[in-house]
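Here is a short note for a colleague opening this structure for the first time. Please keep the sequence and the view side by side.

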Amino acid sequence: MKRDPGPPSARAARSSGAVRPLLRALPLLAGLACSGAMAAPSTFGPVIGSALLCRSQLDNAYFHAYLTQAFGPAYKREGGAWWFRTEASLWGAQVSEVMVSDDTSNLVFVAAVLDSTPEELEKSVRAAVGVAFKPVDASRHPLRKSNPGSTIAYANDKSKIYCAKFKPQPPGR
């Protein structure tokens, strides 16, 4: 025997008890979503880490879409790049920002700022994934390059790691 749930107004009155707490929580949830960086997805290391080490194809549209989905919209567009704040880590170091080239740049690149010195970052990358970096000169703060083309540089008291390639030219150029 099928039970009649009653008129629609009675169903709405019964279900509104479950809806009210959700409605009260919406401002809190919206505030959390807009409060800056969001936690990184589980794919952050393989996707962004591989790109930073020049171990994957660089496609700025793909990385822009990935970072937007993972962390929300870029907080600024400057220097030929979209800048994203993150709450993530790579190779044992906190990643504070990730940049991906926009279409105004002559290069396609992915870059990240990490809370680590270049020396510490170099050691942790080598220990974690076996990629070695060599200083390009004998200066006090030399750039460090890997064979695949990744670069570690000083960024004030932090490190910046990036992979950059020239944009592919259209056929016939």
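The points below go from the sheet to the helices and then to one residue.

1. This is a predicted model, in which local features need pLDDT of at least 70, side-chain atom pairs count only at pLDDT 80 or more, and totals for chains, interfaces and linings use all residues. Residues are numbered from 1 along each chain as its sequence is written, and side-chain values use heavy atoms, with hydrogens and water left out.

2. Eight strands make an open sheet, ordered 1-2-3-4-8-7-6-5, with antiparallel pairing. Strands are DSSP runs (E, at least two residues), as are helices (H or I, at least four), numbered from the N terminus. Two strands pair if DSSP finds at least two bridges between them.

3. Strand 1 (76-78) and strand 5 (133-135) are the edges; each has a single partner strand, so one side of each has no neighbour in the sheet. From one strand to the next, the twist averages 30°.

4. Strand 5 pairs with strand 6 (residues 144-146) over three bridges, in the antiparallel sense. P135 has R144 of strand 6 as its bridge partner.

5. Helix 4 (residues 118-129) lies across strands 4, 5, 6, 7 (151-155) and 8. Its direction is at about 150° to strand 7. Angles run from 0 to 180 degrees between N-to-C directions, with axes fitted to C-alpha atoms, for helices over the stretch in contact.

6. N60 belongs to helix 3 (residues 60-71). Is N60 buried or exposed? N60 is buried, at 13% relative accessible area. Buried means under 20%, exposed over 50%, and partly exposed in between (1.4 Å probe, protein chains only).

7. Beyond its neighbours within four places in sequence, N60 contacts V100, S101, D102, D103 and V108. Contact means heavy atoms within 4.5 Å.
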